[in-house]
Amino acid sequence: MDGPVAADPVAALARDVFQKRMIGIAEEMSSALRRAAYSSIIWDMYDYSCAVLTPAGELLAQAETIPAQLGVIETACAHVARKVPISSWEEGDIIICNDPYQGCTHTPDIVLFSPVFVGGDLVALTSTIAHHVDLGGKTPCTTAPDNTEVFGEGVIFPPMKLLKAGKPVDEIFVLLANNVRNPEACAGDLRAQIAGCRTAERRLRDVVQGYGPERFAELTRNVLDYGENYVRMALRQFPNGESSAVVRIEDGVASSEPMTVACRVRLTDDAIEVDFAGTSPQRPHGLNCPFSSTISMVNYAVKAAMSPGIPQNGGCSRPVRILCEEGTILNPRRPAAVGSRHFTQQAVAEAVLIALRPFVGETGYAGSQISFPSLKIGGFDTRSERSGPEGMAPYFTVTDIMGGGGGATHAGDGLDGIDTHGSNCAILSAEIMELVCPVRVLRTELVAASGGDGEFRGGLGMRREYELLCDGLNVNVYVQQQSDYNRSWGSAGGGESSSARAALDVGGPGERALPPKSIGLSPPAGTRILLEGAGGGGYGDPARRGAAARERDRQEKYV
Amino acid sequence: MRLSVDVGGTFTDLVLVDAANDRLMVEKVSSTPGSGEGVIRGIREIARKAEIGLGEIELLFHGSTVATNAWLTRTGARVALIVTEGFRDILEIGDQRRPKVYSLTAQKPVPLVPRSQVVEVRERLDVYGKTVIALSDAEIDRVVAATAALEPEAVAVSLIFSFVNSDHERRLADRLRAALPDTPIYLASDVNPQMKEYPRTNTTAAAAYVGPPVARYTLSLERALGDEGVAARLVYMRSDGGAATPEGVRDNPLNMLLSGPAGGVLGALEAARLLALENVITFDMGGTSTDLALIRQNSAALDRSRLVDGLPLSIPMLEISAISAGGGSIGHVDPAGGLHVGPQSAGSTPGPACYGRGGEDPTLTDAALVLGYLDPAAFADPQLRLSRDAAAAAVTEKIARPLGLGLADAALGMVAIGIASMSEAVRSLSLERGYDPHEFALFAFGGAGGIFAPFLLDEIGIGQLVLPPHPGVFAAMGLQFADIRHSRQVPFLHPVSKVTEAMCAEALGAVTQELRDSLGREGIAAEHQKIGHTADMRYVGQYHELNIAFSEADLPTGADLAALAARFHAAHETAYGYADPQGPVEIVNLRVDATGRIEKPKFARFDAGASDAVRPRGHRDIVTELGGAPQRAAIYRKADLPACAAVSGPAIIEQEDTTILVLPNQIARTNEYGFVSIKRG
């Protein structure tokens, strides 16, 4: 494609310099947040995100950590501004929200905003999101697929000020501390989020003073327009047309019928419309996906398939129109539960990627694992070494999130053992896990031959086997993609992946397969639990896989 | 006479300090990757020019990239990695994160040890070091046989929780050594006794991976030096800014891995002392990247872990952040008219378009040439005559035309984008650690530092830019300021409130004595030995540590321990903006650093030019502002400038090894040591 010559090319250069600077600020927020964090879910697993927004709430720059979180910031900001008008924000304020029905995603992902003022004028907003290990609710780590209402999903913060003019609203912190399972962790991580916001405020004030507020605002507009322009240029490369896709995923809580994510994509010149007509009505469980998350995953998939090259900003999503009827699993009505929306949101990404697949032709890809194998455990750590004063066993909660196989693409084999799409969390170290809770990781390994065959092989899934070291624990095991209809799809002649699985009492007398969701198990100490995610789909005719690649697969026992 | 030799990707730099005759000589030769040939050639060359015999060199400092290259190009040893049963894919899986979140095609870094060379051993300890599955003799036999069958050049052993209890690793090692007497064995409990199995295992595997190439290189170099009649005492640069004896570097080859940028930081530390600059940010800009380091109150911070090419490495190393912006960074325009510079680099082959070696992409060096900053005839490499036409053609074709810009504006746009990356890196380096960049001077060197660093003065609002006498070979010069160093990490997981003097003595006593003995064997007299103890500390419940120093006493005292928590809170406040003085604090590791002082050279007094009048050699048009007209810049030879001369910009100062740009509204001043200081006028 030919690049358009900007009306003022010299101004365009200033814009590019400015954009780098904004991304630098977002990155700096990110390191400030992570360094100050209390919990391993942030420090070790990177389940948090940071961004800078315009005063109107459009995304200006982000640090690339978790796409699913980053994609909800604009939606959240719009909702927050409706309840707590931005005109009422003051220097030093921190505004909190985690309400899935007011622009946020699931309750554990707490979103903070803060205003940046220069000379009394609002010049920008900052935002951080972090996944808090536990926000209360009926099960450890808050989310449970069998919740039927959002009220079972822990503390809900409507948009409100958490700090006013720099002063904490103590009542909120007290209320929070008394409704969550690990108050220190929650407070520590909130403090880290605030540190992230403050870092950006300081930097932005400096930058705005350097440019002057008007020039700053102009550059901000230019950056967003550039993002929009880039995506429109990219979309024009592809033929106009329509294509649709259906992905079915396991329910296993409210119904034995799978849930259907249906989407139709229409590409018209430089705009794209994604319509989810035909998607299942909302269900009485926690797998409904709040609309903000649906939007987030559509934007992710369009970017991944068609314009991965540039930094994401609010302009990039302008050419994307999303239609989704209220009352469906992708746009549920309050008070439907949404805590386990990640199982569904990964399917949103896959549905859109499948629908976009015909447009991208030779630069195609296959399906990635969307099993989201996860383990959530809470209870008392009764190991003698852990007992506190007077022999008290400490209470703990822990979440482990495991990856699987990435889809192969036109460019090569899928990645083995990765966290895919909306998520990008690091795996929890087996040693840290055993340090902080009575759960021993016995194995963490790739599952041979789990990726689809093809000229390029699908990435391999992963398995982890755990042993419980205490009695009386509350154990929750989730692994999607166990059914044949739900394997990672092959593309351009490539094969589909193996299925995922989970099992209890592995190697013991009562060994049995676990369904996609097992909630509130309480197996005795010594029980072994297996989680195994799916591989990725293969790409291209397997007959075209080179001899050297086949030999390497054999030699390294990948197959 | 002292000689330092710094091998880089393209050039090998040599600096000879002849204190007796008060002279300093520099030399640049082409590098010969993987062999000591270039080093020997350089030494012959500089000795010939200095008219000295090779036997007259007393001390030889060597910085080598052999370990780095082996890692980056995956040409290290064939390693067998032994891990606890169930963890064979520890390197394959890594941390399971994707390198680029929006890319479906991005690849993960290739593991140092392939899956087929990983051997699992049936054994298991718990988090407290107690045996869960005992390691049987039969299992040891099986594992040793399986390992031997792989015919490894080196073996790495990293078992779960071996940092708490190394018994299983040691038993395996004993039998492996007996079965494979000529194969080096590296244990995680020695190399990196620290929690988190992936970084620890990767670090241990890395030691085995670079160990054999380091041994081959150093032994063959030492033989060749002997053959040449060089009798000098030889030391190698370490990643933490210390130096190692030949035996020391072969025992701990990892210490060489990131030693490349260390010489520059050491030199800057010494120069900052000389110039009474307390706070300095070093800016070492080469062909493919720029290395930055922070010097605060005359000391450079150490990092305990870092990603190297996407893989975690946990060893002490100077805290240096590298950004992929160098003279060879390539500019390109995206379809929507956005201009980008890097991370792709033209490297040294084909190199920038102006090299005329087939490079067609415009690089920052091409931009500098187009803008008049560089003289085509006076580039650091005498074999190379730069083609301004080729540079202009590349910038026109790839940048100016697509953007609808004039040639000069296109080149300036590239410079502006490159500067934006660099200034972001400088800002985050200081701000992230709680410091204000305005309180720092920028200390620039490397081949391209003198051209690009002046732009950062205004961009960041830094008060002063300082360039050393020979920026192009400064890293080599810096090697000469290294002291011999040994360091050791001791796992020590205890709440700080429960730690006693006796516990520290028990944990540190023997190790400290061992390091003293090593220094003694290396000929360092007791009065030149310095021992420092530090503790990695954190709030209970957190997972990242701050390294806090004990006071100077030989072993930590009770008073020292009492002060430790307070020091931790203060450091936490600085680094993260908050502290929790009531929060319980724990120690994770103790560390011992043993330094053996080697006498330092002095910066030579500058030999003033022939005349006191500052007279330019000529003039050249340069462009320094977007949309601006060319300005006539005076060209000076550095050698013509007397000490304490002042040069107002726009001007260019040229010397053998580099070119320094003085922007309009800037004033450059020389001092009696040959440093150039640039400030806003």
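A residue counts as buried if 20 or more other C-beta atoms lie within 10 Å of its own. The exercises below apply to a predicted model.

**Exercise 1. Find what share of chain A counts as buried, and judge how compact the chain is.**

Step 1. Apply the burial cut-off to the 559 residues of chain A: 64% count as buried.

Step 2. List the secondary structure. Chain A has 11 helices and 20 strands.

Step 3. Take the extents. The C-alpha trace of chain A spans about 70 × 65 × 45 Å along its principal axes.

Step 4. Check the sequence range of the contacts. Count those in chain A between residues at least 6 apart in sequence; 76% of them join residues at least 24 apart.

**Exercise 2. Describe how domain 1 and domain 2 of chain A meet.**

Step 1. The domain assignment places domain 1 of chain A at 9–229 and domain 2 at 362–559.

Step 2. Locate the centres. The C-alpha centres of the two domains of chain A lie 31 Å apart.

Step 3. Count the residues in contact, with C-beta atoms within 7 Å as the cut-off. Domain 1 of chain A contributes 20 residues and domain 2 of chain A contributes 21.

Step 4. Assign elements on the domain 1 side. Helix 2 (40–43) and helix 3 (67–70) of chain A each supply at least two residues there.

Step 5. Sort that side by class. Domain 1 of chain A presents 11 nonpolar, 4 polar and 5 charged residues to domain 2.

**Exercise 3. Work out which elements of chain A build its side of the contact with chain B.**

Step 1. Count both sides. In chain A, 70 residues are in contact with 61 residues of chain B.

Step 2. Name the elements of chain A that give two or more residues. Among them are helix 1 (9–36), helix 6 (183–211), helix 7 (213–236) and strand 14 (439–446). Helix 2 of chain A is also one of these elements.

Step 3. Find the largest share. Helix 1 of chain A supplies it, with 15 residues.

Step 4. Sort by class. The chain A side holds 35 nonpolar, 15 polar and 20 charged residues.

Step 5. Check the confidence. Chain B averages a pLDDT of 91, and 97% of its residues score at least 70. The model scores ipTM 0.94 and pTM 0.93.

How values were computed. Residues numbered from 1 in each chain as written. Chains lettered and ligands numbered in written order. Predicted model: local features only at pLDDT ≥ 70, side-chain atom pairs only at ≥ 80, totals over all residues. pLDDT = per-residue confidence, 0-100. Domains from an automatic or database assignment. Contact = placed C-beta atoms within 7 Å. Helix = DSSP H or I, 4+ residues; strand = E, 2+ residues; numbered from the N terminus. Nonpolar A, V, L, I, M, F, W, Y, C, P; charged D, E, K, R; others polar. Rg over C-alpha atoms; globule rule 2.2 N^0.38 Å. Buried ≥ 20, exposed ≤ 12 C-beta atoms within 10 Å, placed from the backbone.
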